[in-house]
Structures are given as structure tokens and as C-alpha cells.
Amino acid sequence: MATKFTYLSPESYYDTWESRIGYRLVLGGRRHFAYYEPGTLWPFPLGPALKRMEDSLYTSLDLQPGAMVLDAGCGAGQVALHMAHKGLQIQAIDITKNHVRWTQQRIKAEGMQDMVTARWGDYHDLKDMADESFDGVYTMETLVHASDIARAISELYRVVKPGGHVAFHEYDHLDASKPPPGTPPDLVEAIIRVNTNSGMPANQLFDRGVLIRILEDQGFEDVEWRDLTENMRPLMRFFYLLAYIPYLIICFFGLQAYFVNTEGGVVGYRALRRGYWRYMVFTARKPEINGHRRRRNE
């Protein structure tokens, strides 16, 4: 029988003091990884590298200025505003009330009310959004929080117009029951603990190929994927170095549940080095009409 885990809710995770302080001090409030040229050792300055990851998402989405786009999990709003400054019309939603409030404040501060709107919303249930109302949808490391990933993708498919594009910056990994040879058992246990304590049930399910199959099963076509692991590795290495000593202390006192980001910084990099998990961008298109589904990169 499969093991069942009790996951912290995403709202509770982002409202912890560790998340509030850590995201603000280290990433300037952003909630995603940064983009570097492969082989980069020095990760600073972080600001431009974080924006390069947003540029990568914009390029992957492949839409023209003026397109109406859903940001399905906007965080504190920086990604939505970055997209809007490139000419996209953004409807941003998030299930964390503080995220919505901060996004609305940023929109007003930047005078972008005509390009971006933000409100509370759950990508599992978009019943107040009409069918085929968006030219595109994107996520920036938020599908990992889905409690029912098939339902979420089904809803996103419904609200995208025929011919519309989606782009998802997310993670995937090897089957936890078949880790790479030599992987310490405590590393797999720690990864499961991080997923549980940071409210990422979908990430626990994202064995390689799972999200691809779900996208195809829901009707998307031209499903493609790119591995950006080497592009984000410098920031993951920095997290490891930053967190390592505090991690030893919290392990000594058994406080991992209260310092999930600290543990994630260490075990995430250890798992990355062993090839256990990857940072990926998945793109797809809704068919113009119902027809044959096909997959590239086979």
C-alpha cells in the first residue's frame, strides 16, 4: 500500500517566518531560481540572474505583445510585472492572500493597473473564468504545490484558447523507489520531508515523464521540454553553502520541520549533484481543433 503523507498547505508554508524572511533577504521577494550560463561559479548579482529566468519563461511562452495570459500562482508579483513590461496582459492569481496583497501593491506602485490584475484564485477550480479566455498560461515553480495535478492541468486547458500556449517552469526527478546507485537512504527521506513540509505534493509525484503524460492526457499537443538544471545550478550551490552550517545545527536538535528551506538548500543540492532531480521547462499548445495528439523529443 502506498505511503500517505500529510502535506503542509502552500499558504502555511509561505507564511512561515523562515519563508517570509528568507525569500525577502536572499531573493528580494521572488520565489524562483535564477538563470546563468552553464559553468558559472559566482552567482552574484542575483537580481539580473532572477530576471533572466523570467526572460526564459517569456521566451518559452512564445506569445506576442497584447496576448492575454494567466499567471497561475503569482507569488509576490514580480514575474507577472516582468511579463507585463514585455507587453503581455496578465491576470494573476494566487491562493496565498499575502501574495495577492503584495502583488496588488506592486502593480499600483509601478502604475501597471492597465496591464496586470491580481486576485485570489486556485488553479484547481477556475469556475469564475470562462472557457477559452486566455492566449496562454504559465507557472513559475507553482504546479509543484498542486494537490490534484490532473485537475489543475484540466482547468488550465479549459481556459486556454485553441492554439494557445502554456509554459511551466517546474521540477522533476527519478523514481524515489529507484534512486541512483549509491544514494544514501537518508537523502531520499530528507527529500520527501522537504516536499511534505513545503506543501509540494505534486513534486512528490513528478517522476520523469509524469507531467508530460498528464499534459498529453488532458489534450495538449506539441509537448516539449528542456532541462535548465545547469542554468540554475550556481544558485542551488549558493543555497547549499549558505545553509550548510545552520542545517547541521537544526539536524542536531531535530528541528528540520521548522527550517524546511534550510534543509531544502542542503539536500536539494546533494540530490542535484547525484542527478536525482532536474529543473525543467515544459511547453505545449492547445489544438486548434480536437485532433491527433503528438509528442516531440521522443
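**Thr 103**

I began with the side chain of Thr 103, where a polar atom lies 2.8 Å from the backbone oxygen of His 99. The model I am reading is a predicted one. I found that the side chain of Thr 103 also reaches the backbone oxygen of Ala 76, at 3.5 Å. Thr 103 belongs to helix α5, which covers residues 97–109. Is Thr 103 buried or exposed? I looked up its relative accessibility and got 0%; buried means under 20%, so Thr 103 counts as buried. Setting aside neighbours within four places in sequence, I listed the contacts of Thr 103 as Cys 74, Gly 75, Ala 76, Gly 77 and Ala 118.

**The whole protein**

Next I stepped back for an overview. I counted 11 helices and seven strands in the protein. The radius of gyration is 19 Å, close to the 19 Å that the globule rule gives for 298 residues, so the protein is as compact as a globular protein of that length. Along the principal axes, the C-alpha atoms fill a box of roughly 55 × 45 × 40 Å. I noted that 56% of the 298 residues count as buried. I also checked how far apart in sequence the contacting residues are: among contacts between residues at least 6 apart, 79% join residues at least 24 apart.

**The sheet**

In what order do the seven strands of the open sheet stand? I read the order off as β3-β2-β1-β4-β5-β7-β6, with mixed pairing. At the edges I found β3 (116–120) and β6 (221–227); each has a single partner strand, so one side of each is left without a neighbour in the sheet. On average, neighbouring strands here are turned by 15 degrees against each other, direction ignored.

I then followed β1, residues 68–72, to its two partners. With β2 (residues 89–94), β1 pairs in the parallel sense over five bridges, and Ala 72 stands opposite Ile 93 of β2. With β4 (residues 134–140), β1 also runs parallel, joined by three bridges; there I saw Asp 71 opposite Tyr 138. How many of the five residues of β1 are buried? I found four, so β1 is largely enclosed by the rest of the structure.

At the other end of the sheet order I looked at helix α10, residues 229–252. Helix α10 lies across β6 and β7 (277–285), and runs at about 135 degrees to β7.

**The nonpolar core**

A reminder to myself: in soluble globular proteins, nonpolar side chains tend to be buried together. The largest nonpolar core here has 93 residues. Which of its members touch the most others? I wrote down Phe 33, Leu 70, Ile 90, Ile 153, Leu 156 and Trp 277. Helix α10 supplies the largest share of this core, nine residues.

**His 165**

My next stop was His 165, in strand β5 (residues 160–173). Its relative accessibility is 18%; the cut-off for buried is under 20%, so His 165 counts as buried. Which backbone oxygens does the side chain of His 165 meet? I found the backbone oxygen of Leu 61 at 3.1 Å from a polar atom of that side chain, and the backbone oxygen of Asp 62, also reached at 3.1 Å. Beyond four places in sequence, His 165 touches residues including Asp 135, Gly 136, Val 137, Ala 284 and Arg 285.

Most residues other than glycine have a negative phi, and most peptide bonds are trans. Asp 62 has a positive phi of about 55 degrees although it is not a glycine, and I placed Asp 62 in the loop between α3 and β1. Asp 222, another non-glycine, has a positive phi of about 50 degrees. I found Asp 222 in strand β6, and it is buried, with a relative accessible area of 11%.

Which peptide bond did I note as cis? The bond from Phe 44 to Pro 45 is cis, with omega near -5 degrees. I located Pro 45 in the loop between α2 (17–27) and α3 (46–61).

Key: Residues are numbered from 1 along each chain as its sequence is written. This is a predicted model: local features need pLDDT of at least 70, side-chain atom pairs count only at pLDDT 80 or more; totals for chains, interfaces and linings use all residues. Side-chain values use heavy atoms; hydrogens and water are left out. Two strands pair if DSSP finds at least two bridges between them. Helices (H or I, at least four residues) and strands (E, at least two) are DSSP runs, numbered from the N terminus. Axes are lines fitted to C-alpha atoms, for helices over the stretch in contact, and angles run from 0 to 180 degrees between N-to-C directions. Contact means heavy atoms within 4.5 Å. A nonpolar core is a set of buried Ala, Val, Leu, Ile, Met, Phe, Trp, Tyr and Cys residues joined through side-chain atoms within 4.5 Å. Buried means under 20% relative accessible area, exposed over 50%, partly exposed in between (1.4 Å probe, protein chains only). A polar contact is a pair of N or O atoms within 3.5 Å; within protein, one must be able to donate a hydrogen and the other to accept it, and residues adjacent in sequence count only if both atoms are side-chain atoms. The radius of gyration is taken over C-alpha atoms; the globule rule is 2.2 Å times the number of residues to the power 0.38.
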